[in-house]
Amino acid sequence: MSAGFFAFHKIIVLIIDILAIGLGVIVYRKNPQARTNRLFLIMSLFMIGWVDFAFLGRLLAFQSSSLALFSLKIAWFITPLFFCVLFLFIEEIAQLPKNKKIVIRDRIIILTGIGIALITLFTDLIIKNFVLQDSILVIIYGKGIFLFLGFGFILIVLTLYTLIKSYLHLPPYQKLKIQYFFVGLAIFYLANLIFNIFFPVLLKKTDLYYLGDYSTIVLLAFIAYAIVKRELFGIKVILTEFLVGAIGVILLIQSFLAPDVWTKVFNFLIFFFFSILGYLLIKSVLQEIKLRAQLEKAYKELKKLDEAKTEFLSIASHQLRTPLTAIKGYVAMLKEGIFGKLSDQVLEILNKVYISNERLINLVNSLLDIARLETGRLEFHFQPLQLEEVVESVIKEVSVAAQKKGIYLKYKKPKKPLPKVKADPEKIRQVILNIIDNAVKYTMKGGVTIKFKVKKDRCVLIVKDTGIGMTEEELEKAFQMYRRGQGVRMFPEGSGLGLYIAKKFVEAHNGRIWAESPGKDKGSTFYLELPFA
Ligand code: ADP
């Protein structure tokens with residue numbers, strides 16, 4: 001192997017070392033407490049050890065075979081440890097829930113890794129010796145090499161499996177982050193499989209061996225890219241500056257070391273253009289961060305305002321409820337004649353006061369529900385619930401209104417009792433009341449049919465009416481806050497909050513609520529799906 005060959009490799013090993021140590025230290029210092037950051041530092045150090053000792057082994061092979069063998073063994077000693085740490089790192093990135101099984105599995109993997117590493121270093125089972133064939137280093141493997149390779153293979157499979165599994169469950173913005181790891185890992189593993197396992201062990205061809213080791217730089221680069229692009233560790237600028245700086249320094253050194261003036265000038269020009277590009281890159285990153293910071297600030301302020309609004313809503317509703325309840329009580333007493341007999345005319349007006357007051361109480365209750373939902377203060381008390389009973393009691397409540405309007409209210413009672421659902425009785429009653437009450441409210445002729453449909457592990461309540469129906473747009477917006485359809489004109493007193501709250505309640509039950517309608521004046525059907533207890 002020529003001196004030029006080694007000079008070239010020296011530079012590559014140097015680049016890998018600078019990148020690895022720089023990345024490792026920066027990431028670690030950013031947040032020394034975080035496990036991912038600590039694992040990353042260890043990984044970087046292992047990476048350096050692995051690549052350097054493998055290089056040293058090849059370099060020393062021409063001078064001292066015992067020292068060279070020892071260097072090679074150290075490089076191979078580090079390999080299983082590196083793979084273990086990489087696996088733990090990926091596990092951390094994948095955000096797996098730490099259960100007992102996983103903790104035990106991790107321990108077994110680490111202990112096996114350490115065991116194999118020690119066997120590699122202190123016995124001839126993995127690496128027996130090496131020979132120089134045409135000045136190319138060829139390692140002679142021991143009988144235990146397949147143990148070593150098998151362990152590596154299992155870890156590769158486990159790492160990829162963990163990554164894919166978590167990838168499928170992560171939200172989209174985190175998926176992007178994992179994609180970089182994927183690409184980096186895939187190239188790294190593939191290069192290792194081909195150049196460190198397939199060629200040397202199976203084809204006995206070791207001259208491309210170094211490519212496997214150097215593929216670590218690809219892994220590093222992609223992790224770095226994941227950091228820069230997706231702010232994995234939130235150190236975007238430092239990292240970009242570091243990368244640009246490191247490559248700049250190497251380019252500059254190269255231009256000084258060049259053998260003749262023209263190469264020197266040429267190398268220096270490359271350095272010069274790279275510096276300009278690097279400067280622009282850093283500037284754009286800084287700009288992006290500034291913009292993001294502004295956005296974040298605006299978002300925080302908006303959030304504060306929103307919280308203030310919710311707080312106000314909550315306090316105002318509380319304050320409103322007390323006098324309203326007092327009014328309700330006094331009007332009820334007046335109506336009952338406790339303070340003397342009243343004329344029919346006064347009674348009629350009192351009735352109107354009572355109804356308006358009821359409406360206000362309902363509105364205040366809805367606002368309170370929303371305030372509690374938004375602050376996460378709404379509590380649910382789940383218990384097994386016989387859904388038919390709730391539906392029947394709601395039907396009883398609204399049947400008077402239906403009768404008054406002259407529309408039918410048909411209930412198809414299930415032939416045998418339904419399995420119980422897991423629900424908060426009061427909240428679910430409110431949801432069902434809202435659906436059936438709406439159906440009666442928005443139906444002028446014909447009527448409302450209520451029935452159940454039983455599925456394997458859940459049941460669906462179906463409320464079908466022959467009322468004003470809903471357009472596509474209304475269907476889309478019915479479950480949003482303050483959204484009201486054509487019902488507004490007919491019932492200006494509605495709040496447009498009922499279905500919004502209903503949807504939130506149902507979501508807390510792991511259920512679904514939705515509506516269908518063939519169109520305006522063609523009736524609507526509301527569905528409420530709840531899982532069985
Ligand atoms: P509100 O009934 O107080 O307006 P909701 O949140 O209960 O508020 O309903 C939102 C909107 O959905 C209503 O304003 C109405 O336009 C539409 N809607 C709800 N139920 C029906 C129904 N059964 N038929 C037609 N439209 C309906």
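Ground rules first: residues count from 1 along each chain as its sequence is written, and side-chain values use heavy atoms, without hydrogens or water. As the model is predicted, local features need pLDDT of at least 70 and side-chain atom pairs 80 or more, while totals for chains, interfaces and linings use all residues.

Entry 1, charge. I found a positive patch made of Lys410, Lys412, Lys451, Lys453 and Lys464. Patch members have over 30% relative accessible area and no salt bridge, with like charges joined within 9 Å and nonpolar side chains (Val, Leu, Ile, Met, Phe, Trp, Tyr) within 5 Å. A salt bridge puts a Lys or Arg side-chain nitrogen within 4 Å of an Asp or Glu carboxyl oxygen. Lys410 sits in strand E4, residues 408–411 (strands are DSSP E runs of at least two residues, helices H or I runs of at least four). I get 44% relative accessible area for Lys410, so partly exposed (buried is under 20%, exposed over 50%, partly exposed in between, 1.4 Å probe, protein chains only).

Val261 belongs to helix H10, residues 261–336, and is exposed at 58%.

Glu91 of helix H3 (65–93) is buried at 2%. Its side chain makes a 2.7 Å polar contact with that of Arg105 (N or O atoms within 3.5 Å, one able to donate a hydrogen and the other to accept it).

Asn510, not a glycine, has a positive phi of about 60 degrees; it lies in the loop between H16 and E8.

Note on methods. Areas by Shrake-Rupley, 256 points an atom, 1.4 Å probe, with all protein chains shown as cover. Lys, Arg positive; Asp, Glu negative; His and termini not counted. Charge placed at Lys NZ, Arg CZ, Asp CG, Glu CD.
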